[in-house]
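Subject: Structure for you to look at

Hello,

I am handing over the structure below, with the sequence. Please look at it first; my notes on what was found follow.

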Amino acid sequence: VSNFAGRGGSSFSELFTLTYGALVTQLCKDYENDEDVNKQLDKILFSNFLSRGYNIGVRLIEDFLARSNVGRCHDFRETADVIAKVAFKMYLGITPSITNWSPAGDEFSLILENNPLVDFVELPDNHSSLIYSNLLCGVLRGALEMVQMAVEAKFVQDTLKGDGVTEIRMRFIRRIEDNLPAGEE
Amino acid sequence: MADAVLFEFLHMEMVAELCAHDPDPGPGGQNTNLSVLESMGFRVGQALGERLPREMLAFREELDVLKFLCKDLWLAAFQKQMDSLRTNHQGTYVLHDHSFPLLLPMAAGLQYLEEAPKFLAFTCGLLRGALCTLGIESVVTASVAALPGCKFQVVIRNA
């Protein structure tokens, strides 16, 4: 009995995804009875999950850096590798593939066979899966901001919606410089 | 497979999100939030219990179930085991965690005591839900004497 938790396929490892599923369901329910909110619901949840995800990302990066021993990334390609091969693997147990680089090297896609947030989730009927997945976008943004990168992340395909794969598009916006006193270059 | 750290961070945001709807709740509002968190935990606990392999479900005694939760569930969810389990052998169990990870972010000490129930409600439900799937109806409550330690009290409801 006591070996159960240690095994790779432990059902308790789905605690995160099950909890997130319950949270989405609850929030959709919470707003169901509020006429005014319901129209804006998707938009509200979309932005709430983005900012909650952001808060998680900002803390997660410290945990990641402490555990992974990954050094500073010199360019966005290295960053992509670290995200896909180290971070996703460490926290979600999967390794997305990296594809569709833009010519300028400032955009790429992460392709996953399934949406990693989904495990036995029943997405409420009339709500977009985009809301649901936005937590992960927030996590990516928050984490990367803490290492001086402003990025945009969004789901452009989602198996939750019936697409063949789940695709997250990552776009590098700019490097976040340390603040210099006014007047200095 | 998701790292336990992700769950802890999500839990923190979840409590904040659910309690954010009533910025200044009276006792009624606070209780609603707690019961919402508890029932979410219950559903998740049930779902986890349902995913256990068959052989896990063949517990001989009620105490074995509680021990399983204190060791395996706690280890998988919080990367540690429960620090102590006591029972009066009449259906009441007290599970003591000296350093409950979901309470750690709050300053150790008494000043955040009133906030503690919000951070325990989901886990009470989780225990109740897992027990339910394992065939045991219960009432689970939690109390904090000094952060970050807490006690979960499980009272079995006889059929």
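**The nonpolar core**

In this predicted model, the largest nonpolar core has 97 residues, and A:Ile168, A:Met170, B:Leu103 and B:Phe152 have the most contacts inside it. A nonpolar core here is a set of buried Ala, Val, Leu, Ile, Met, Phe, Trp, Tyr and Cys residues joined through side-chain atoms within 4.5 Å. H4(B) gives the most to this core, with 10 residues. Helices (H or I, at least four residues) and strands (E, at least two) are DSSP runs, numbered from the N terminus. Buried means under 20% relative accessible area, exposed over 50%, and partly exposed in between (1.4 Å probe, protein chains only). As background, nonpolar side chains tend to be buried together in soluble globular proteins.

B:Leu120 is in helix H4 (residues 116-133) of chain B and counts as buried because its relative accessibility is 3%. Not counting residues up to four places away in sequence, B:Leu120 touches B:Phe100, B:Leu103, B:Ala142, B:Val144, B:Cys150 and B:Phe152; contact means heavy atoms within 4.5 Å. With neighbours within four places left aside, the contacts of B:Phe152 include B:Trp74, B:Met82, B:Tyr93, B:Phe100, B:Leu120 and B:Leu127.

**How the numbers were made**

Residues are numbered from 1 along each chain as its sequence is written, and chains are lettered from A and ligands numbered from 1 in the order in which they are written. Local features need pLDDT of at least 70, side-chain atom pairs count only at pLDDT 80 or more, and totals for chains, interfaces and linings use all residues, while side-chain values use heavy atoms, with hydrogens and water left out.

The predictor gives the complex an ipTM of 0.87 and a pTM of 0.86. Chain B has an average pLDDT of 86, and 89% of the residues score at least 70; pLDDT is the predictor's confidence in each residue, from 0 to 100. Where pLDDT is low, the predicted coordinates should not be read in detail.

**Chain A overall**

Chain A has four helices and four strands, which come in the order α-α-α-β-β-α-β-β along the sequence. Of its 185 residues, 45% are buried. Among contacts in chain A with a separation of 6 or more, 58% are between residues 24 or more positions apart. The chain exposes about 9600 Å², of which carbon and sulfur atoms supply 47%; the areas come from the Shrake-Rupley method with a 1.4 Å probe, and for residues only the protein chains shown count as cover.

**Helices**

Helix H1 (residues 4-20) of chain B has 17 residues, which at 1.5 Å a residue should span 24 Å, and its end C-alpha atoms are 24 Å apart, which agrees. The expected span is 1.5 Å times one less than the number of residues. Of the 17 residues in H1(B), 14 are buried.

In chain A, A:Asp63 lies in helix H2 (residues 35-68). A:Asp63 counts as buried because its relative accessibility is 18%. Leaving aside neighbours within four places in sequence, A:Asp63 is in contact with A:Tyr91 and B:Val5.

**Aromatic pairs**

How many aromatic pairs does a search of the whole structure find over all chains? The search finds 13. Rings of Phe, Tyr and Trp (its six-membered ring) pair if their centres lie within 6.5 Å; planes under 30 degrees apart count as stacked, over 60 as edge-to-face and the rest as tilted. The rings of A:Phe76 and A:Trp101 have centres 6.2 Å apart and planes at 85°, so this pair is edge-to-face. A:Phe76 is in helix H3 (residues 76-92) of chain A and A:Trp101 in the loop between strand E1 (97-99) and strand E2 (107-112), so the pair ties together parts 25 residues apart in sequence. A:Phe76 is buried at 7% relative accessible area, whereas A:Trp101 is partly exposed at 24%. In chain B, ring pairs link B:Phe7, B:Trp74, B:Phe78, B:Phe100, B:Phe122 and B:Phe152 into a cluster.

**Backbone points**

B:Leu147 and B:Pro148 are joined by a cis peptide bond, with omega about -5°. B:Pro148 is in the loop between strand E3 (138-143) and strand E4 (150-156) of chain B.

Regards
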